[in-house]
Each structure stands twice: as structure tokens, then as C-alpha cells.
Amino acid sequence: MTPGPGGPGPSSPGGPGRSTPDAPWPVRTLNAKIGDWIHRLGQVWVEGQITQISRRPGTKTAFLQLRDPSADMSITVTCQPIVLDRAEVPLTEGARVVMAGRPSFYPGRASLSLRVTEIRPVGIGELLARIERLRRLLDAEGLFDARLKRPVPFLPRGVGLITGRAGAAERDVLSVAHDRWPAVRFEVRNTPVQGPTAVPAILRALADLDADPAVDVIVIARGGGSVEDLLPFSDEALCRAVSVATTPVVSAIGHEPDHPLLDLVADLRAATPTDAAKRVVPDVAAELAGLTEMRARSAGALRNWVAREKHALDSLRARPVLADPLRLVDDRIDAVERAVTSARREIARYVGFEEHRIENFAARLATLGPAQTLARGYAVVQRLSGDEDPHVVGSVDDMPIGTQLRVRVVDGAMRAAVMQPDRPLRAPRTAPTKDDRG
């Protein structure tokens, strides 16, 4: 048996009300159960931005579209026309409102809507208070820290421009920039700059330009406007997107009394779109004039330096040591000749003295040498033993009988053999011994 709407489902092994492959729910049962859960939510207060109002004369229901300004989400709103008439101020598309109503689910079309009974516009004071709270939050997170600001390049290859279509801001930026630097290249993205669709469009354009490697700086420009018109530029999502962008962003919202949060998050704030063009693009005429002045100053400085160096060289060349380099040598020739003569005389005297000493040593050596001793009748006796070299003997004990000897005299040498030792007499004692004294 098929259950009715909202009733329990067919029986199954898992228990009543459970759906299984063998006992599935029909669509009406599912829609009814979803409606039951949604209706339990009760009355809620919802804040958003009106993006569409559909009110036909003679109908009992008016349709609105309520969008979340910080996210790409919306919900359909229905109400009686009298609810719109009771609003404190006329409701228009783009207005920020607070609504009281109950979520309503229609099972026939499986559609969800919000049935509201009261609509209150959000006042300027409340909007400013909310912006102030958001400003404190972003400041506490460090999004306004000057150390995070990225420098704007001196001469960008490409400039990204986000602004409204065919607006004064676009004309001001392009005309002033091309007047200052005709070769500058722009990537223009036209987006809504107010209303409920502004923030999503600006976010898409910002992401597109930030991903373009040929864009070195991005300008977000708009003319002045009321607080409500400038609300997109205080949007939290936009502020966070600018803070994480890798390309420097310039805020050029043309107003002075009120500052949207974009001015605080951007890397550079310009007072007007014209001011942004002047800050982003250098003035070619001024730069050429500066180059001409710097070239003239550099040439003058170079000429002065050359003149100083030439004067210093002339002063050096005028000095006597450089004007007549050989004069110092000529002044020293006599001294050098005297020193050479003195050195030669001393060397000759020293050589003569040393020659005389050598002659004396030679005479003494001839007198005391072995040849003179042999000439006086002495002989040198050497013992011959096998393959060993002959060696001089000095005692009879070193010459036993049969020892081969070599005897050298003044005019030659001969061989001899020991036949019989001849003991020499003992030399007289120079001092009496104890036996002699006895």
C-alpha cells in the first residue's frame, strides 16, 4: 500500500519509514519529508542584497531575488505586495535589506523560497559600522601591514585596468597614461562597479589579470559615489583576493571623504583615476628631460675630471726628476768611479795578503810533510795481509815472524818479510821508581 504525503513509508526489513531498493519512496514522499524538515526551521532574519524585484499589478504575490554580497549564492523571496509598500524607504535593486520570514518548500516543483512578512532596509550608519568591524578584523590579520605592500614597477610592460564600461574613470586613466607614455599597453576588463554583480565580476577580472604574465600592475578604478555605491570596494572577499594577488594592485576609487577598505589593502592608493595613471606610468617628456640633464651633468663632470688629471700630469712632468731624468745619474758618476777604484784597490790588497799566507802554509807543509821526513832517512813500514789494504804498523808486536811488509823510503818502496824480531832497548825512565829510591 502506498503511503500518503508526509506519512510513513512502506514497511521494510529495516523498519517502517525506511527506503530500500525493494521498497523505494515515491517522489511525493521524498518532497513531503524535505518540506517537513524545512518547515521546522521556523521564522528567521536574513540579510542580503536585492538583485531583482518582480511585482505585477493585480497579483497577490511579489517575487524578489536576495543575494549574499560576499558569496555567489541567492534565494528566491516571496511576499505580499503590501509588504513592499510598508518598507521605510522605496526598495530598489542593489539595496541592502534585512528580511523576516519562513523558508517554504513547494513539493510540486521541489522549489525553495523564503516567504517574508517584514523588510527593513539597512541604514548608512549600520553599513559604516559593519565596514568598521571588518576593517578591524582585517587589520588584526595583518592585511594592512605596510611591509606586505609590493612595489609598483617603474616602467610596466602591461597595465591591467578594472573599471566600468565607457566610464569617465576609464577615459581618464587611458588618456593620461598614453599622454605620458604612448607605448604603454593596457589590458582593460570592464565590470560593474556597483550593485550586486560588481564583486563577482571584479574578482573574476582580478584573477584573470593576475594570471597574465604580461601584466605588471593592476589598477581598480571608479569615479566617486555614495556610500552604498562604494560598498563593493569594502567587500571582504575582494579585500582578501587583493591581499593574496601576486601582481601589485593600485586602488583608484575617485573619492576623498570616505575610504573603502580596498584602499587599505591595495599596494598603492591613488586619490583619483587620473592620479593612478600618473603613479603607474612615468612621464616620457619628464624622463627625457631628466636624461638630458643627467647626460649634461655627466659630460661636465667628465670634462672636469679630465682637466684635473691633465693638470696633475703637467705638474708631475714639470718636476726636475721627470724633466731631466739623467741628471741624478750624472751627479752620481764621480762617486761611483771613486767607489769602484777603492773597491779594486781593496780587492788587490786582500788577494796579495792571502797569496802570502798560502805561500807560508805551503812552506810549512813541505817542511813537516812525509816527504821531508823520508828524506832524512826514515821509512814507512806497512803490513800486507791478504786482500786488505796495507796499513802502517807501529809496534814489533804487530809484526810476527813471516809477516809480509812494504817498506817505503824517499826514492821508492820494497817488500820484506820478518825473519826475527829485534827488541829495542827500553827507554830510560824519566822518574825514579820506588825500587830505585830503596
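A crossing of two helices is left-handed if the near helix is turned anticlockwise from the far one by less than a right angle, and right-handed if clockwise. Helix H4 passes helix H8 in a right-handed crossing. The model is predicted: local features need pLDDT of at least 70, side-chain atom pairs count only at pLDDT 80 or more, and totals for chains, interfaces and linings use all residues. Residues are numbered from 1 along each chain as its sequence is written, and side-chain values use heavy atoms, leaving out hydrogens and water.

**The helix pair**

- Two packed helices are described by the angle between their axes and the distance between the axes.
- H4 covers residues 168-180 and H8 covers residues 273-280; they pack at an angle of about 30°, with their axes 8 Å apart.
- H4 and H8 are therefore roughly parallel to each other (angles under 35 degrees count as such).
- H4 brings Ala 169, Asp 172, Val 173, Val 176, Ala 177 and Arg 180 to the contact, and H8 brings Pro 273, Thr 274, Ala 277 and Lys 278 (contact means heavy atoms within 4.5 Å).
- These contact residues divide into 6 nonpolar, 1 polar and 3 charged.

**The whole protein**

- The protein has 14 helices and 14 strands (DSSP runs of at least four residues, H or I, for helices and at least two, E, for strands).
- Its C-alpha trace spans about 175 × 95 × 50 Å along the principal axes.
- Of its 438 residues, 30% count as buried (under 20% relative accessible area, with a 1.4 Å probe and protein chains only).

Methods: Axes are lines fitted to C-alpha atoms, for helices over the stretch in contact, and angles run from 0 to 180 degrees between N-to-C directions. Angles under 35 degrees count as roughly parallel, over 145 as roughly antiparallel, 65 to 115 as roughly perpendicular and the rest as oblique. Ala, Val, Leu, Ile, Met, Phe, Trp, Tyr, Cys and Pro count as nonpolar, Asp, Glu, Lys and Arg as charged, and the others, Gly among them, as polar. Buried means under 20% relative accessible area, exposed over 50%, partly exposed in between (1.4 Å probe, protein chains only).
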